[in-house]
Amino acid sequence: MVEKFLNIQPDAIQELNSAQKNLLFLTYEKKEPHEIGKGETPLLIAAKMGVTEIVQKILDRFPVAIWDSDSNNKNVVLLAIENRQPHIYKLLKRRESLKDSVFRQVDNQGNSALHLAATFGVYRPWLIPGGALQMQWEIKWYKFVKDSMPPHFFVKYNKKGQTPKDIFTDTHKDLVKDGSEWLGKTSESCSVVAALIATVAFATSSTVPGGVKEGVGVPTLEGKPAFNIFTISSLIALCSSVTALVFFLSILTSRYQEEDFAMDLPRKLLLGLTSLFTSIASILHSFCSGHFFVLKDDLRYVAYPIYAATCLPVSFFAFAQLPLYFDLIWAIFKKVPQRSYKVITL
């Protein structure tokens, strides 16, 4: 019946009753709002949950739903930003029909979209390991929302007289502390490994297998492929391990300020892990090529499985750090943080 009426009078959907509610709001309104949140419509719920398809379908069919607000006067833009839903926010930005007033709206506490982007709640929307990477994505999200609008677009102060920067500093204190502790422990463990590799690499790079020719000073094994591999790999292991040690020590001596988590600290950790992995691979090549000269010709092929077994423990450490390495690359080079969703099997 309602559908037939709307086909005859399509403008009737925008008419308001005595309670200032349109037909769409009355259709969505629940008799028991405490189950999903007071005054929340399907559009607002979909925006909070990050269901882009439902948000797009509702706005295409009922454009007036963009003015829906919950009991805290938060519209679809504020809820998407508060719940860290970049896909929803970018979808709303692409809709040219939306007015600036939708993005300028403030809630009951006078918080603008930028205030809510600066607020860190009890939820952890970014499913990425380590407090440091969580902090980096929080900074990226705040800057993404801030740069998405012209300067001075958002309201500067809320009803408590707080700026978005004040809220960001106040709500992220614990996350900065967690990120500092996580970075410190990670750098300490990796610096110990880098120092051990540097010690071994220095000893091997200063030792010439087979000795040198008397009166000439030229290595006896010069020109052999295994000797060249040993020389180059030991030198690379020494340089990369010392480089990794420098990066990890620079992290340990950092001030751990908010702005350091944006790029400086994650980049140092990424470069330190890159140098550490390089030094591990190089020291293993150096060991295998140097030990190759000691064996007789008939035992060399038997030594290959032994070399592989010897390299396994060190390789396990490197592979254990690879997930962190890939997460670092993803977090650093991704301009807009991406929500991760866990699939729950019912």
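Over residues 229-249 the chain is 100% helix and 0% strand. The model is a predicted one. An unreviewed UniProt entry lists residues 229-249 under "transmembrane region", together with residues 269-294 and 306-333. Residues 306-333 are likewise 100% helix and 0% strand. Here the end C-alpha atoms lie 40 Å apart.

Helix α14 spans residues 300-333 and holds Phe 316. Phe 316 is exposed, because its relative accessible area is 55%, and the cut-off for exposed is over 50%. Together with Leu 312 and Phe 319, Phe 316 forms a nonpolar patch on the surface. The accessible area of the three residues together is about 350 Å².

The overall fold is helical. The protein has 14 helices and zero strands. From the N terminus on, its elements run α-α-α-α-α-α-α-α-α-α-α-α-α-α. The chain has 346 residues, and 45% of them count as buried. Contacts were also sorted by separation in sequence. Among those between residues at least 6 apart, 75% join residues at least 24 apart. The protein exposes about 19,600 Å². Carbon and sulfur atoms supply 61% of that area.

Helix α3 covers residues 42-49. Its Leu 43, Leu 44, Ala 46 and Ala 47 are buried. Seen down the axis of α3, the buried residues fall within an arc of 165 degrees, so they line one face of the helix. Their cover includes α4 (52-61), α5 (76-82) and α6 (86-94). Gly 50 follows α3 and has a positive phi, near 80 degrees.

In α10, the buried residues include Pro 164, Ile 167 and Phe 168. These residues cover an arc of only 100 degrees around the axis, which puts them on the same side of α10. Among the elements that cover the buried residues of α10 are α8 (113-118) and α9.

Charged pairs were examined next. Side chains of opposite charge can pair when their charged atoms come close. The count of salt bridges comes to seven. One of the pairs is Arg 84 with Glu 138. Their closest N and O atoms are 2.8 Å apart. The pair links distant parts of the chain, 54 residues apart. Arg 84 sits in the loop between α5 and α6, whereas Glu 138 belongs to helix α9 (residues 131-147). Both partners are buried.

A salt bridge also joins Glu 258 and Lys 165, with the closest N and O atoms 3.4 Å apart. Glu 258 lies in the loop between α12 (225-252) and α13 (264-291), and Lys 165 lies in helix α10 (residues 164-171), so the pair ties together parts that are 93 residues apart in sequence. Glu 258 is buried, because its relative accessible area is 13%, and the cut-off for buried is under 20%. Lys 165 is partly exposed, with a relative accessible area of 45%.

Asp 170 and Lys 173 form a further salt bridge through their side chains, at 3.9 Å from N to O. Asp 170 is partly exposed, at a relative accessible area of 45%.

Backbone angles single out some further positions. Most residues other than glycine have a negative phi. Asn 73 has a positive phi, near 65 degrees. This residue is found in the loop between α4 and α5. Asn 73 counts as partly exposed, because its relative accessibility is 30%.

Arg 84, already described as a salt-bridge partner of Glu 138, also has a positive phi, near 55 degrees. Its place is the loop between α5 and α6. Arg 84 counts as buried, because its relative accessibility is 1%.

Technical notes:
Residues are numbered from 1 along each chain as its sequence is written. This is a predicted model: local features need pLDDT of at least 70, side-chain atom pairs count only at pLDDT 80 or more; totals for chains, interfaces and linings use all residues. Side-chain values use heavy atoms; hydrogens and water are left out. Buried means under 20% relative accessible area, exposed over 50%, partly exposed in between (1.4 Å probe, protein chains only). Helices (H or I, at least four residues) and strands (E, at least two) are DSSP runs, numbered from the N terminus. The arc is that of the directions from the helix axis to the C-beta atoms. Contact means heavy atoms within 4.5 Å. UniProt positions are given in the numbering used here, feature names are shortened, and annotations may be inferred rather than shown by experiment. Patches are made of residues with over 30% relative accessible area and no salt bridge: like charges are joined within 9 Å, nonpolar side chains (Val, Leu, Ile, Met, Phe, Trp, Tyr) within 5 Å. Accessible areas come from the Shrake-Rupley method with a 1.4 Å probe; for residues, only the protein chains shown count as cover. A salt bridge is a side-chain nitrogen of Lys or Arg within 4 Å of a carboxyl oxygen of Asp or Glu.
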